[in-house]
Amino acid sequence: MNRTHHNGELRIEHINTDIQLIGWVAKKRNLGSLVFVDLRDRYGITQIVFNESFEERLKEVKNEYILQVTGKVIERSSKNPNIPTGDIEIEAVDFVIVNKAKLTPMIIADETDALEETRMQYRYLDLRRPVMQNNLITRHKITRSIREYLDNLDFVDVETPYLNRSTPEGARDFLVPSRVHKGSFYALPQSPQLFKQLLMVSGLERYYQIARCFRDEDLRADRQIEFTQVDVEMSFMDTNQVLEIGEGLVAKVMKDVKGIDIELPLRRLTWHEAMETYGIDKPDTRFGLKLVNLNETVKDVDFTVFKSALEAGGHVKGINVVGEAQNFSRKKIDQLTELAKTYKAKGLAWLKVTSEGVQGPIAKFFNEEQLQFLLTKMDAKDNDLLLFVSDAKYEVVCDALAAIRNYLGKELKLYDPHTFDFLWVVDFPMFEYDEETQRYYAKHHPFTRPKDSDLDKLESDRENCLADAYDIVLNGFELGGGSQRIYEQDLQERAFKALSFTQEQIDAQFGWFVEAFQYGTPPHAGFALGLDRLAMLLCGCDSLRDVIAFPKNTSATCPMSKAPTEVVKAQLDELGIGVIDHE
């Protein structure tokens, strides 16, 4: 098919140029003696004008037909400032129907009438929409920028296996049965973690990969079971050097893709500071509503809910919603209470500061001195709304107030949605305790290195042992993270012991990996960034599904291909697999 220009290319300086265009019919308007057609391709839209001599032939043409048009560029009498080609139109000389199209089940435009399930069922049509194509093009620009940055720093792009052995620690693996070794299974990689560390053992020094990863876990707006991460590992670098490379990467992407210069070095918060101030280890720092620790402030207040939490070794925290007391009815506060309860809080206490005094159900439990102490601590003034959560468990208090804070930030429009606020969260706990199994698990993974200052806590004080680990956060989303890795054999053995691994478990799960560390392993560290999540934020989308060409829905199915599906018995027999009856 010959075409002289794309449909977003022609301008006023092209007047009187003879052209050929190809594209889809985005819109057709019959004005009697003239018929106007908007011809669309990936690059834009050009208006074609047909005179009455084409009337009969054009009757057949409908939306989404593909046309090849021959004509001349003329100046448009009624210009359209909303599109780049709005100063011109094409006076048609001839056209050919390249292919016909059925009536589409959705409007092919930025604003469509289709529900998401319909969009996913007819994804190939959804991807014709300019907004969706722009998302994928933006994603391409991100990956191109990343490759340029890492290539220029002498990193080597290396592919690692998709078929590996299962490592039960972490999320569920996707298992792949082996036909050759019946009864045995490969696992799809949750990340290339072990292999990229082995590449450091190999002496490669600087590795990266834009890697496909798989985790069998429940889906949500910012999570897919198959996803892409930018995986980076390097030898002989301390944490500051690693963070410098990581933030330089996002700075280049922001400049290349959005034209934005971000200030370096990025701000750093310790994990403890993030939890204390924002209640979450991936804080949205575009707005205030900071959490206030009130343990000392309310320790003598005769309010049973606060007292019982503190007596159990728990916490009381609050946030000051400045200037919003009059705007929050009891109904709205009850909605916030229900939100808190979804995060296991028993309730939400509140006070309103008014010109007539402090009002609210718990005001009667404070004497004048205690009340003044509270208002000073929370920097409260007239018309402020004070919200409180208390619980014996620190995580419950933080989770509930963080959720309320994020909800209010969006609901009250406390930030500019077009801003980008990056930061590092550093010094994570090395371990987290699971009450159900009564054991400690690695906060990140078993090969994360403790901070040098906390090496003596590895076995004796696991609760307070910090890891030399870091996450990069953007607008309340964890973009990714990494750590210094354990490279000494004796320290790795101590870490396994702290995680309650038996020697049999170590040999079964990681024996092949641990053996490699006996042959001169360099100090090494790395990080990984979620490419899908970065693209989602830079495109201004609310869901990963809008920046992935063919995603899964929340039920982990593909409405277009109908995957996953059952397979014929012959395939199962060849693999030596039987399927139990199931509903």
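Start at Lys451. Setting aside neighbours within four places in sequence, Lys451 is in contact with Asp427, Leu466, Ala467 and Asp468; contact means heavy atoms within 4.5 Å. Before going on, the ground rules. This is a predicted model, where local features need pLDDT of at least 70, side-chain atom pairs count only at pLDDT 80 or more, and totals for chains, interfaces and linings use all residues. Residues are numbered from 1 along each chain as its sequence is written, and side-chain values use heavy atoms, with hydrogens and water left out.

Back to Lys451. It is found in the loop between strand S19 (439-442) and helix H12 (457-460). Helices (H or I, at least four residues) and strands (E, at least two) are DSSP runs, numbered from the N terminus. The cut-offs: buried is under 20% relative accessible area, exposed is over 50%, and partly exposed is in between, with a 1.4 Å probe and protein chains only. For scale, Lys451 and Arg139 are 312 residues apart in sequence and 35 Å apart in space, C-alpha to C-alpha.

Arg449 is in that loop too, between S19 and H12. Arg449 is buried, because its relative accessible area is 9%. Its side chain makes a polar contact of 2.6 Å with the side chain of Glu488. A polar contact is a pair of N or O atoms within 3.5 Å; within protein, one must be able to donate a hydrogen and the other to accept it, and residues adjacent in sequence count only if both atoms are side-chain atoms. Beyond four places in sequence, the contacts of Arg449 include Met430, Ala467, Asp468, Gln484 and Leu491.

Met430 and Ala467 come up again in the largest cavity. They line it, along with residues including Phe431, His444, Pro446 and Leu499. About 50 Å³ of space lies in this cavity. The whole structure has 3 cavities of 30 Å³ or more. On a 1 Å grid over the protein atoms alone, a cavity is a set of points where a 1.4 Å probe fits but cannot get out; a pocket is an open set with protein on both sides within 12 Å along at least five of seven lines; lining residues have an atom within 4 Å of a point. Grid points are joined across faces, edges and corners, and a volume is the space filled by probe spheres set on the points. The lining of the largest cavity has 6 nonpolar, 3 polar and 1 charged residues. Here Ala, Val, Leu, Ile, Met, Phe, Trp, Tyr, Cys and Pro count as nonpolar, Asp, Glu, Lys and Arg as charged, and the others, Gly among them, as polar.

Now the second largest pocket. It holds about 510 Å³. Its lining has 26 residues, and Ala26, Lys27, Arg40, Ile108 and Ala109 lie nearest its centre. Strands S1 (18-30), S2 (35-41) and S3 (44-50) and helix H4 each give two or more residues to that lining. By class, the lining has 11 nonpolar, 6 polar and 9 charged.

Next, the packing. The largest nonpolar core has 43 residues, and Ile142, Phe422 and Leu538 have the most contacts inside it. A nonpolar core is a set of buried Ala, Val, Leu, Ile, Met, Phe, Trp, Tyr and Cys residues joined through side-chain atoms within 4.5 Å. Which helix gives the most to this core? H6, with 9 residues. Apart from this core lies another, of 37 residues, with Leu194, Cys398, Leu423 and Phe447 among them. As for Ile142, its contacts beyond four places in sequence include Val253, Val257, Leu534 and Leu538.

Leu194 leads us to helix H5 (residues 193-201), where it is one of the buried residues. H5 is largely enclosed by the rest of the structure, because 7 of its 9 residues are buried. Those buried residues pack against S9, S10, helix H14 (503-516) and S22. Just after H5, Gly203 takes a positive phi of about 90°.

Last, the overall numbers. The chain has 16 helices and 22 strands. Buried residues make up 47% of its 583 residues. The C-alpha trace spans about 90 × 75 × 55 Å along its principal axes.
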